[in-house]
Amino acid sequence: MTRATLRIVLVAGEDPGSGAVGTYTGELARGLVAEGHHVELVLRGRAQDGVELLDGLTVHRVTVPAPSWRRGSVATLVRAHGAREAVMFSSRVAQVVARLHRAGGVDVVEAPDFEATGLTTALHQRAHGGVRRGPVIVARLHAPGSLATRLAGEAPTAETRLLERLERAAVHDATMVTAPTHAIASEVAARWGADLRRRVQVVPNPIDVEHFAPAPTPADAGTLLIVGRIEHDAGQDVAVEALPAIRSDIPEARLLLVGADGELDGGGSALAALRRRVAALGMPEHALQATGAVAREQLPTYLARASVCLVPSRADASGYSCLQAMSCGRPIVASATGALAELVSDGSDGLLTAPGDAAALAHAAICLLGDADRRERLGHGARGTVEQRFAAPVVARRLAALYADAASAATLGRA
């Protein structure tokens, strides 16, 4: 059955390709447009409001006014600056959505849980009779900021508790809730209520399989690649600890890091700390190489160089770097945690190891570096998995069907 064209607004606090939410937004937008739907984006503006074209998509930029810092409000702003920013951005998003709905109608608005970007839009719907008077509101569980704080081992503060209340309200007041993995859905529901778990529709994150495609050129022998920001949760330090054991069996092995440098908890460069550790372990400087941040357009070129892609994350809510490598047909060694445990089938399209276990990571990497046939088999399996389950057209089609069903239910409710 042919479904009607939907008018969809996707909201994000970051640009397409920037971070997990931005990557998801860009991939989904392209997939939905390819399916014939009309998509516009509402994104955070840094300098001023405006409308622009970005990769062929109409983007509405909204800014948050700077605080006045009037006498008597300074203490409150200092303690709740992040919460204020979240509420203000949410309010500006709702204004844009209302304007678009008045101008030509909007069927669906999807916003991430992170910092409650869809809260005011959802509250407006509830205050005016729910979905009967406006678009369907979809909350996407990427990983709320409150969950990220707990996974990072940070102690909650008054501000993070307030942000959690805002995020929870945004999700509970949405018409529909989606999540990329069962792990995220269960984690959030355990904190915010079992009734939420029953509402969540699990739909995976989309990947552009045309852009992230296997390359005809051979990989660089011995290259172990990690894509992503250099930080504790990403686990680059675990790979560094595994490197001496790997190089004892595969002397030409080297670790290549593709991603922005992060900051240590106590300050200082995360990459510099890894370089110091490489030296302390008695390895040559060239055993660890880094490119810095790389644009999405360039990522397939780097992935093609990898004999094996490592995803040694301690926590991973989206698994995008893993999916991108799998889509390029690279053999994967990933941590059996969070989203990764659902994306990778151990022994079929990759290998899974315990998070933080450098010895297990070394063993898996050595097995693959020393077995070209197994690398080819796992890489072929990885590409097949992405094409079947995570290709943008597949995911966009499924989400659009859910959107359409919810919009139809809203239309029936108006009758």
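Visitor: Which way does α9 cross α10, left-handed or right-handed?
Guide: α9 passes α10 in a right-handed crossing, with the near helix turned clockwise from the far one by less than a right angle. Helices are DSSP runs of H or I, at least four residues, and strands are E runs of at least two, numbered from the N terminus. This is a predicted model: local features need pLDDT of at least 70, side-chain atom pairs need 80 or more, and totals for chains, interfaces and linings use all residues. Numbering starts from 1 along each chain as its sequence is written, and side-chain values use heavy atoms, without hydrogens or water.

Visitor: At what angle do the axes of α9 and α10 cross?
Guide: Roughly 15 degrees, and the axes come within 10 Å. Axes are lines fitted to C-alpha atoms over the stretch in contact, with angles from 0 to 180 degrees between N-to-C directions. So α9 is roughly parallel to α10 (angles under 35 degrees).

Visitor: Which residues meet there?
Guide: From α9, Gln236, Asp237, Val240 and Glu241; from α10, Leu274, Arg277 and Val278. Contact means heavy atoms within 4.5 Å. The contact has three nonpolar, one polar and three charged residues.

Visitor: New topic. How many cavities of 30 Å³ or more?
Guide: Six. A cavity is a set of points on a 1 Å grid over the protein atoms alone where a 1.4 Å probe fits but cannot get out.

Visitor: Which elements give two or more residues to its lining?
Guide: β9, β12 and α12. Lining residues have an atom within 4 Å of a point; among them are Leu225, Cys309 and Ser321.

How values were computed: 1 Å grid on protein atoms, 1.4 Å probe; cavity = no way out; pocket = protein on both sides within 12 Å on 5 of 7 lines; lining within 4 Å. Points joined across faces, edges and corners; volume = space filled by probe spheres on them. Parallel < 35°, antiparallel > 145°, perpendicular 65-115°, else oblique. Nonpolar A, V, L, I, M, F, W, Y, C, P; charged D, E, K, R; others polar.
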